[in-house]
Amino acid sequence: MSTNQSDNGSIKVAVITGGHFFDVPGFHAVFRDMPQVDSYIQLEANWAADIGQALDSYDVFLFYNMPRGLPEERTRPVLEKLGESGQGIFLLHHAILAYEQWPFWSDLVGISDRSFGYDHEQELSVQIADPAHPITQGIDPWQMVDETYSMASASEDSHLLLTTDHPRSMRVLGWTRQFRNARVFCFQSGHDNLTYVDHNFRKTILRGIQWCAGRI
């Protein structure tokens, strides 16, 4: 992970977007509500180009991207270095679907077959699979409205944190992994402002960032 922490001790996070539309004010509000996090929301192309030479300074790379197919030639070498430095990796919502033709991203996510269906505005009951984990500790089961994905769940080498029994959803909503030298947290939730405003969703985002950065 990065040793170049922000001057105020906050966690420095690159929030990487692209390939999917989203509610910009609602999404930005999630991170503005986190004084512990110094977030830099940017398109994936800008992140990879790294004009400001900031890549090494981030504690966590939070992906909220969904490019299809395979990565572009100029982006791929940067993505292929993920996990080598130990900087945390957070894959949020549609980022688990990105680069569907690329085995590297499937290994990162921990799901080999990422074919999927989706349903908007579903009422979900979120269950806590591991209440002792730092991300989920103290969080009770909750209800929220979100887009669901019907697809395979994480493989056996992942640690399951959040689940649901919704008939139109994958069973596992949140899981952690080790990828090379990095902690990885995958969280299926987070389609739009119906979800962004949810208190437990925001708490899980913050805890996930903190865990990926090695702060909890």
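Which strands does helix H1 (residues 24-32) lie across, and at about what angle does H1 run to S2?

Analyst: Before the answer, a word on the basis of the values. This is a predicted model, in which local features need pLDDT of at least 70 and side-chain atom pairs count only at pLDDT 80 or more, while totals for chains, interfaces and linings use all residues. Residues are numbered from 1 along each chain as its sequence is written, and side-chain values use heavy atoms, with hydrogens and water left out.

Helix H1 lies across strand S1 (11-18), S2, strand S3 (60-65) and S4, and runs at about 155 degrees to S2. Helices (H or I, at least four residues) and strands (E, at least two) are DSSP runs, numbered from the N terminus. The angles run from 0 to 180 degrees between N-to-C directions, with axes taken as lines fitted to C-alpha atoms, for helices over the stretch in contact.

Gly-26, Phe-27, Val-30 and Phe-31 are buried in H1. These four cover an arc of only 140 degrees around the axis, so they sit on the same side of H1; the arc is that of the directions from the helix axis to the C-beta atoms. As background, an α-helix has 3.6 residues a turn, so residues three or four places apart point the same way. Pro-25 and Arg-32, on the other side of H1, are exposed. The buried residues of H1 pack against S1, S2, S3 and S4, and also against helix H5 (193-196) and H6, contact meaning heavy atoms within 4.5 Å. At the start of the helix, a side-chain oxygen of Asp-23 comes to within 2.9 Å of the backbone nitrogen of Gly-26. This is a polar contact, that is, a pair of N or O atoms within 3.5 Å; within protein, one must be able to donate a hydrogen and the other to accept it, and residues adjacent in sequence count only if both atoms are side-chain atoms.

Nine strands form an open sheet of mixed pairing, in the order S2-S1-S3-S4-S9-S8-S7-S5-S6, two strands being paired if DSSP finds at least two bridges between them. Strand S2 (37-43) and strand S6 (142-150) are the edge strands, each pairing on one side only. From one strand to the next, the twist averages 30 degrees. Helix H6 (residues 199-212) also packs on this sheet, touching S1, S2, S3, S4, S6, strand S7 (159-163), S8 and S9, and its direction makes about 165 degrees with that of S9.

Within the sheet, strand S9 (residues 182-187) has five of its six residues buried, so S9 is largely enclosed by the rest of the structure. Strand S4 (residues 88-92) runs parallel to S9 and is joined to it by four bridges, with Leu-91 having Cys-186 of S9 as its bridge partner. Strand S8 (residues 172-179) runs antiparallel to S9 and is joined to it by six bridges; Gln-178 stands opposite Arg-183, and Thr-176 stands opposite Phe-185. Two residues lie between the strands in the hairpin of S8 and S9, where Arg-180 takes a positive phi near 55 degrees.

The loop between S4 and helix H4 (103-109) holds His-93. With 0% relative accessibility, His-93 counts as buried, and His-93 has a positive phi of about 50 degrees although it is not a glycine. A polar atom of the His-93 side chain lies 2.5 Å from the backbone oxygen of Gln-188. The side chains of His-93 and Tyr-149 are joined by a polar contact of 3.1 Å. Tyr-149 lies in strand S6 and is buried, with a relative accessible area of 2%. Tyr-99, in the loop between S4 and H4, also has a positive phi, of about 45 degrees, although it is not a glycine; at 3% relative accessibility, Tyr-99 counts as buried.

As for the record, an unreviewed UniProt entry places the annotation "domain: ThuA-like" over residues 53-212. Such positions are given in the numbering used here with feature names shortened, and annotations may be inferred rather than shown by experiment. In the model, the end C-alpha atoms of residues 53-212 lie 22 Å apart, and the span is 18% helix and 32% strand.

Notes:
Buried means under 20% relative accessible area, exposed over 50%, partly exposed in between (1.4 Å probe, protein chains only).
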